[in-house]
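This report describes the fold of one protein chain for a reader who is new to structural analysis. Please keep the sequence and the model in view while reading.

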Amino acid sequence: MIKESKESYMWKSTDWNVTVEMHKEAQKLAEGFNRFSKTNFPLKFTDVDVVIITETNTPDSTPKLNEYCVVEDYIPGQFNKWCNNYGFISAEAKSSNSSMPAFMHWSWCHSNGEKMISDLQGVRSDDPQSYTLTDPAMLSLTNSYGVTDMGVEGMAMFFLHHECSSFCERLSKPKKSDFLGVIPDRQLSATMQQLKNLGDATTYTHELKFPPGVREGITTVFRRVARGGYVY
Ligand SMILES: [Zn+2]
């Protein structure tokens, strides 16, 4: 599976550093979550490599000659998207035995409320039992993971939609009332409406930003709540 940048051409292999580093971080997080949750269906991410394109069919085709792309292993099986980077959680992922939203919740606690793994998609396998995930997005308070990092807004939208399962019920979590007091009602209903219009399963790169005061308010809530507990 080949991935080219939708935003711009990548003429240097280092242009992909953010993506490659994020993938490595995601792999470590998955290992940590597997240990924490003792799940029967361990999570893992595909490996990625950066390659240069040395042949193209026509001069106009993309990716371009000499452009750098990221390649991932092809995953056979039925592809699913369980969670996106802006609060969407699929019906399957809402079932009590799904570990996907719990993985997001755990990653947030694990980073003391600074980050959250998101955009969880891939293939579930019964033999051997596993989830193979691909192409994640990382959300961070500092917005340092590129265009799919929906930051504090993405994390807030996740918590507004997430009900804990047995995998994550022991982890600290901001209460809905923590947000509802901080995000003005009009802002919240406008954002919810926008989400409905755009379709739930998209990977967001749109600017659905809260005003600076609201962002600061939620950031404060996150840091306070996340410090409160990471219970094993
Ligand atoms: Zn949870």
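Asp119 is buried, with 26 other C-beta atoms within 10 Å. A residue is called buried if 20 or more other C-beta atoms lie within 10 Å of its own, exposed if 12 or fewer, and partly exposed in between, with C-beta atoms placed from the backbone. The model is a predicted one, in which local features need pLDDT of at least 70, side-chain atom pairs count only at pLDDT 80 or more, and totals for chains, interfaces and linings use all residues. Residues are numbered from 1 along each chain as its sequence is written.

Asp119 lies in the loop between E6 and E7, and its phi is near 60°, a positive value in a residue other than glycine. Most residues other than glycine have a negative phi, and most peptide bonds are trans. Asn112 also has a positive phi, of about 55°, although it is not a glycine. This residue is placed in the loop between H3 and E6. Asn112 counts as partly exposed because 13 C-beta neighbours lie inside 10 Å.

| Residue | Loop | C-beta atoms within 10 Å |
|---|---|---|
| Asn112 | between H3 and E6 | 13, partly exposed |

Not counting residues up to four places away in sequence, Pro42 touches Asn34 and Ser130. Although Pro42 and Gln129 are 87 residues apart along the chain, their C-alpha atoms are separated by 7.2 Å. Another proline, Pro128, is found in the loop between E7 and E8. The peptide bond that leads from Asp127 to Pro128 is cis, with omega near -5°.

## The chain as a whole

The protein chain contains seven helices and nine strands. Helices (H or I, at least four residues) and strands (E, at least two) are DSSP runs, numbered from the N terminus. Of the 232 residues in the chain, 34% are buried. Two residues are in contact if their C-beta atoms, placed from the backbone, lie within 7 Å. Among contacts with a separation of 6 or more, 66% involve residues 24 or more positions apart.

## The nonpolar core

A nonpolar core is a set of buried Ala, Val, Leu, Ile, Met, Phe, Trp, Tyr and Cys residues joined through C-beta atoms within 7 Å. The largest such core has 45 residues, of which Cys83, Phe103, Met104, Met116, Ile117 and Met155 touch the most other members. Helix H3 (residues 100–110) gives the most to this core, namely seven residues. Leaving aside neighbours within four places in sequence, Met104 is in contact with Cys83, Met116, Ile117, Ser118 and Phe158.

## Helix packing

How is the packing of two helices described? Two packed helices are described by the angle between their axes and the distance between the axes. Helix H1 (residues 17–37) packs against H3 at an angle of about 105°, and their axes are 10 Å apart. Axes are lines fitted to C-alpha atoms, for helices over the stretch in contact, and angles run from 0 to 180 degrees between N-to-C directions. H1 and H3 are therefore roughly perpendicular to each other, a term for angles of 65 to 115 degrees, whereas angles under 35 count as roughly parallel, over 145 as roughly antiparallel and the rest as oblique. Leu29, Gly32, Phe33, Phe36 and Ser37 in H1 meet Ala102, Phe103, Trp106, Ser107 and His110 in H3.

Helix H4 (residues 151–161) is largely enclosed by the rest of the structure, because nine of its 11 residues are buried. The buried residues of H4 include Glu153, Met155 and Phe158. Their cover includes H3, strand E6 (115–118), strand E9 (137–140), helix H5 (176–180) and helix H7 (212–227).

## The sheet

Four strands form an open sheet with mixed pairing, in the order E2-E8-E7-E5. Two strands pair if DSSP finds at least two bridges between them. Strand E2 (43–45) and strand E5 (79–83) are the edge strands, each pairing on one side only. The twist averages 40° from one strand to the next. Strand E7 (residues 120–126) and strand E8 (residues 129–133) run antiparallel and are joined by five bridges. H3 lies across E2, E5 and E7, running at about 45° to E5.
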